[in-house]
Amino acid sequence: MNNPFRELFEYIFIIIFLCLLLLSMCGITPIVTKHMMDEEDFKWFNPYEIGDTIYFQNTTVDKQDTMIVEDKVKCNPATHFPIAEDGTWLSGNNELNGYGLFGLEFIHAGIKDIGYFIAKKYSNNEPAYLSFSILDNSEAKEQPLRTLTSIEITGHMLNDCIVIDKHSIKAEEHTKTKLNYIVWSKSLGLVEYVTTDGEQYILSTLL
């Protein structure tokens, strides 16, 4: 017995194919390129789950900061079709990028700020790129994820770290959390940061 749903699907597929062929003959076929995050890229988003609370201890005075994981996204483009999320037809050259994101709430000196750790794939032949920002969730091609640094923190040798300095940390002018640099570990997440006034904070579990 013929499956009417299968026949309908095949009919729709043929119509789409013919439309794409017609557009191609007219020279106006949109080009879609997918850049996929791979398993190693996504491992940077293993340390936290939504709702996790992480504490950081000031190394000189008895002060503690708090970070709460508000959001976590791991996403790769699912289609080759040149159709935007709102259903409109795309034109020209289009790139669909895989990405990962942590949405983070910082409580520093009793004041809340929102931070973002974002990784985004710009080429399947290169590692993903990351950005870290405060009150700004746009991504930046600042540093490849696989440029790793070994850092010793309170006697713990961490071999899977990336250091992002103040020139690469994006922040809106009115943010309260001013950072000189951060250290992010692939296995542990944020492990250290230094504010622009020289205060150093260490992940409390490393103390």
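Phe-45, Tyr-48, Phe-56, Phe-102, Phe-106, Phe-117, Phe-132, Trp-184, Tyr-193 and Tyr-201 make up one aromatic cluster. The model is predicted, so local features need pLDDT of at least 70 and side-chain atom pairs count only at pLDDT 80 or more, while totals for chains, interfaces and linings use all residues. Residues are numbered from 1 along each chain as its sequence is written, and side-chain values use heavy atoms, with hydrogens and water left out.

**Aromatic pairs**
- The whole structure holds 12 aromatic pairs (ring centres within 6.5 Å; planes under 30 degrees apart are stacked, over 60 edge-to-face, the rest tilted; for Trp the six-membered ring is used).
- Phe-56 and Tyr-193 are edge-to-face, because their ring centres lie 5.3 Å apart and their planes meet at 65°.
- Phe-56 belongs to strand E2 (residues 53–58) and Tyr-193 to strand E13 (residues 189–195), 137 residues apart; strands are DSSP runs of at least two residues (E), helices of at least four (H or I), numbered from the N terminus.
- Phe-56 has 0% relative accessibility and therefore counts as buried (buried is under 20% relative accessible area, exposed over 50%, partly exposed in between; 1.4 Å probe, protein chains only).
- Tyr-193, at 3%, is buried.

**Strand pairing**
- Strands E9 (residues 149–153) and E10 (residues 156–165) pair antiparallel over 4 bridges (pairing requires at least two DSSP bridges).
- Glu-152 has Met-157 in E10 as its bridge partner.
- Thr-154 adopts a positive phi near 45° in the E9–E10 hairpin, which has 2 residues between its strands.
- E10 also runs antiparallel to strand E12 (residues 179–185), joined by 5 bridges.

**Helix H1**
- Ile-12 lies in helix H1 (residues 4–25).
- Ile-12 is partly exposed, because its relative accessibility is 42%.
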